[in-house]
Amino acid sequence: MLLEAENLAAERGGELVFSDIGFALREGDGLVVTGPNGAGKSTLLRAVAGLLPLAAGRVRFEGDAEFDEVGGACHYLGHQNAMKTALTVAENLRFWREFSGNAHLEIAESLEMVGLGDIGHLPFGYLSTGQRRRAAIAKLLVSYRPVWLLDEPTAGLDKASETQFAELMRAHLADGGMIIAATHHPLGLEDAAELRMGA
Ligand SMILES: Nc1ncnc2c1ncn2[C@@H]1O[C@H](COP(=O)(O)OP(=O)(O)OP(=O)(O)O)[C@@H](O)[C@H]1O
């Protein structure tokens with residue numbers, strides 16, 4: 001598998017946010033995207049996911065029979081957790097499992113993995129900030145997709161949850177996955193390359 005970006009440029013509101021961005025990831029590779037507020041980290045992740053158009057350049061994905069285009073190969077974890085507040089945590093995850101396809105872990109198992117084993121029955125809206133983030137992380141586990149695009153994934157997590165999530169990310173890479181993560185804090189991905197954006 002190969003995820004390659006060449007000469008990427010993107011605009012927001014008619015203004016060029018970044019240009020000449022390039023990287024290549026193979027199975028097991030991580031890329032940590034750093035840079036000041038407004039540098040374009042979120043914009044880059046959304047563009048790679050196909051959620052925003054590129055002003056220039058291209059993203060090339062060489063997958064396999066199961067994952068043959070970049071959008072369908074990516075899990076995108078944005079700033080918003082993309083969960084319905086009135087549905088329970090388990091109902092939300094069941095929706096995402098069906099929507100994303102490639103069922104992977106059972107709902108209960110995924111909740112155990114993020115330390116939420118006992119609250120799958122609660123409405124998502126009842127959860128604390130960190131619990132919401134952990135439930136959103138469980139989305140990455142209920143369906144298998146090889147590329148994880150993570151926008152400040154540890155925002156709101158306590159130390160123990162950060163450590164737990166670092167283990168999940170390392171396991172995903174060890175399993176041949178790829179991760180691109182925008183962050184202002186160390187994520188525990190020591191072997192990942194760094195892409196520094198902005199000044
Ligand atoms: N919908 C939009 N319309 C116009 N400009 C936007 C829009 N969304 C983002 N921008 C601008 O694009 C630039 C890049 O924003 P982006 O969110 O990608 O930065 P970032 O590096 O992720 O920042 P942060 O570290 O604060 O999360 C900023 O100047 C921002 O104001």
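How do the residues of the shell around the ligand divide into nonpolar, polar and charged?

## The shell around the ligand

In this predicted model, the shell around the ligand divides into 3 nonpolar, 7 polar and 2 charged residues, where Ala, Val, Leu, Ile, Met, Phe, Trp, Tyr, Cys and Pro count as nonpolar, Asp, Glu, Lys and Arg as charged, and the others, Gly among them, as polar. The ligand is surrounded by Arg12, Gly13, Val17, Gly35, Asn37, Gly38, Ala39, Gly40, Lys41, Ser42, Thr43 and Ala182, a residue being near a molecule if its C-beta atom, placed from the backbone, lies within 6 Å of it.

Helix H1 (residues 41-49) supplies the largest share of this shell, 3 residues; helices (H or I, at least four residues) and strands (E, at least two) are DSSP runs, numbered from the N terminus.

## Basis and confidence of the model

Residues are numbered from 1 along each chain as its sequence is written. Because this is a predicted model, local features need pLDDT of at least 70 and side-chain atom pairs count only at pLDDT 80 or more, while totals for chains, interfaces and linings use all residues.

The mean pLDDT of the protein (the predictor's confidence in each residue, from 0 to 100) is 95, and 99% of its residues reach 70 or more. The scores of the model are ipTM 0.95 and pTM 0.96.

## Fold and overall dimensions

The protein has 6 helices and 8 strands, which follow the pattern β-β-β-α-β-α-β-α-α-α-β-α-β-β along the sequence. An unreviewed UniProt entry carries the annotation "domain: ABC transporter" for residues 3-195, and such annotations may be inferred rather than shown by experiment. Over residues 3-195 the chain is 32% helix and 26% strand, with the end C-alpha atoms 15 Å apart.

For 199 residues, a compact globule would have a radius of gyration near 16 Å, and the 16 Å of the protein agrees with this; the radius is taken over C-alpha atoms, and the rule is 2.2 Å times the number of residues to the power 0.38. Taken along the principal axes, the C-alpha atoms fill a box of roughly 45 × 40 × 30 Å.

## Burial and an exposed arginine

Of the 199 residues, 37% count as buried, which requires 20 or more other C-beta atoms within 10 Å of the residue's own, whereas 12 or fewer make a residue exposed. Arginine 58, found in strand E4 (residues 56-62), is exposed because 10 other C-beta atoms lie within 10 Å. The C-alpha atoms of arginine 58 and glutamate 190, 132 residues apart along the chain, are separated by 28 Å.
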